[in-house]
Amino acid sequence: MRFHCDIPADFLRAVFEVMLDVDRHTYQVLTKRPSRAARFVRQNGDLFCDCGLPPHIWIGTSTENQRTA
(Lines give C-alpha, C1' and ligand atoms only; values in the text may rest on other atoms or scores of the structure.)
Protein backbone atom coordinates (compact mmCIF):
# COMPACT_ATOMS: atom_id res chain seq x y z
CA MET A 1 0.00 0.00 0.00
CA ARG A 2 1.23 3.46 -0.78
CA PHE A 3 0.27 6.74 0.81
CA HIS A 4 1.75 8.71 -2.09
CA CYS A 5 -0.21 11.87 -2.90
CA ASP A 6 -1.20 10.42 -6.30
CA ILE A 7 -3.08 7.54 -4.66
CA PRO A 8 -6.73 8.55 -4.13
CA ALA A 9 -8.13 8.41 -0.62
CA ASP A 10 -11.06 6.33 -1.92
CA PHE A 11 -8.62 3.63 -3.04
CA LEU A 12 -6.85 3.67 0.33
CA ARG A 13 -10.21 3.38 2.07
CA ALA A 14 -11.16 0.37 -0.09
CA VAL A 15 -7.87 -1.36 0.78
CA PHE A 16 -8.41 -0.74 4.50
CA GLU A 17 -11.97 -2.06 4.24
CA VAL A 18 -10.59 -5.34 2.89
CA MET A 19 -7.96 -5.51 5.64
CA LEU A 20 -10.63 -4.88 8.26
CA ASP A 21 -12.93 -7.55 6.80
CA VAL A 22 -10.18 -10.17 6.52
CA ASP A 23 -8.77 -10.00 10.03
CA ARG A 24 -7.27 -13.50 10.03
CA HIS A 25 -4.12 -11.97 8.52
CA THR A 26 -1.68 -9.49 10.01
CA TYR A 27 -1.03 -6.59 7.65
CA GLN A 28 2.19 -4.61 7.82
CA VAL A 29 1.76 -1.28 6.02
CA LEU A 30 5.07 0.53 5.51
CA THR A 31 5.21 4.06 4.19
CA LYS A 32 7.64 6.91 3.68
CA ARG A 33 4.71 9.28 4.24
CA PRO A 34 3.66 8.78 7.87
CA SER A 35 1.91 12.16 8.05
CA ARG A 36 -0.49 11.18 5.25
CA ALA A 37 -1.07 7.78 6.87
CA ALA A 38 -1.91 9.43 10.22
CA ARG A 39 -4.15 11.97 8.51
CA PHE A 40 -5.96 9.15 6.65
CA VAL A 41 -6.63 7.28 9.90
CA ARG A 42 -7.93 10.46 11.58
CA GLN A 43 -10.14 11.42 8.64
CA ASN A 44 -11.58 7.92 8.28
CA GLY A 45 -12.33 7.25 11.93
CA ASP A 46 -15.65 5.68 10.98
CA LEU A 47 -13.68 2.67 9.68
CA PHE A 48 -11.92 2.06 12.97
CA CYS A 49 -13.05 1.50 16.53
CA ASP A 50 -12.52 4.20 19.15
CA CYS A 51 -9.14 2.65 19.98
CA GLY A 52 -7.70 3.37 16.52
CA LEU A 53 -6.23 0.71 14.28
CA PRO A 54 -7.03 -2.89 15.16
CA PRO A 55 -4.13 -5.08 16.31
CA HIS A 56 -3.91 -6.97 13.01
CA ILE A 57 -3.01 -3.82 11.03
CA TRP A 58 0.45 -2.42 11.67
CA ILE A 59 1.61 0.89 10.19
CA GLY A 60 5.30 1.69 10.12
CA THR A 61 7.65 4.08 8.44
CA SER A 62 11.24 4.20 7.34
CA THR A 63 13.64 7.03 8.03
CA GLU A 64 16.71 8.03 6.11
CA ASN A 65 18.89 8.93 9.11
CA GLN A 66 18.83 9.46 12.86
CA ARG A 67 18.18 13.21 12.53
CA THR A 68 14.98 12.54 10.58
CA ALA A 69 13.90 9.92 13.12
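**Reading the chain**

Guide: Read along the sequence, the chain follows the pattern α-β-α-β, and in total there are two helices and two strands. Helices (H or I, at least four residues) and strands (E, at least two) are DSSP runs, numbered from the N terminus. This is a predicted model, in which local features need pLDDT of at least 70 and side-chain atom pairs count only at pLDDT 80 or more, while totals for chains, interfaces and linings use all residues. Residues are numbered from 1 along each chain as its sequence is written, and side-chain values use heavy atoms, with hydrogens and water left out.

Visitor: What share of the 69 residues in the chain do buried residues make up?

Guide: Buried means under 20% relative accessible area, exposed over 50%, and partly exposed in between, using a 1.4 Å probe and protein chains only. Here buried residues make up 28% of the 69 residues.

Visitor: Which residues of helix H2 are buried, and how should I picture them?

Guide: An α-helix has 3.6 residues a turn, so residues three or four places apart point the same way. In H2, which covers residues 34-43, the buried residues are Arg36, Ala37, Phe40 and Val41. Seen down the axis of H2, these residues fall within an arc of 135 degrees, so they line one face of the helix; the arc is that of the directions from the helix axis to the C-beta atoms. The face turned away from the buried side of H2 carries the exposed residues Ser35, Arg42 and Gln43.

Visitor: What do the buried residues of H2 pack against?

Guide: Contact means heavy atoms within 4.5 Å, and the buried residues of H2 pack against H1, strand E1 (27-31) and strand E2 (57-61).

Visitor: Which residues does isoleucine 57 touch?

Guide: Isoleucine 57 lies in strand E2 and is buried, with a relative accessible area of 4%. Not counting residues up to four places away in sequence, isoleucine 57 touches Phe16, Met19, Leu20, Tyr27 and Val29.

Visitor: Where does histidine 4 lie, and is histidine 4 buried or exposed?

Guide: Histidine 4 lies in the segment before helix H1 (9-21), and histidine 4 is buried, with a relative accessible area of 19%. The side chain of histidine 4 reaches the backbone nitrogen of aspartate 6 at 3.0 Å. Leaving aside residues up to four places away in sequence, histidine 4 touches Arg33 and Arg36, and Arg36 is one of the buried residues of H2.

Notes
Polar contact = N/O pair within 3.5 Å; in protein donor to acceptor, adjacent residues only side chain to side chain.
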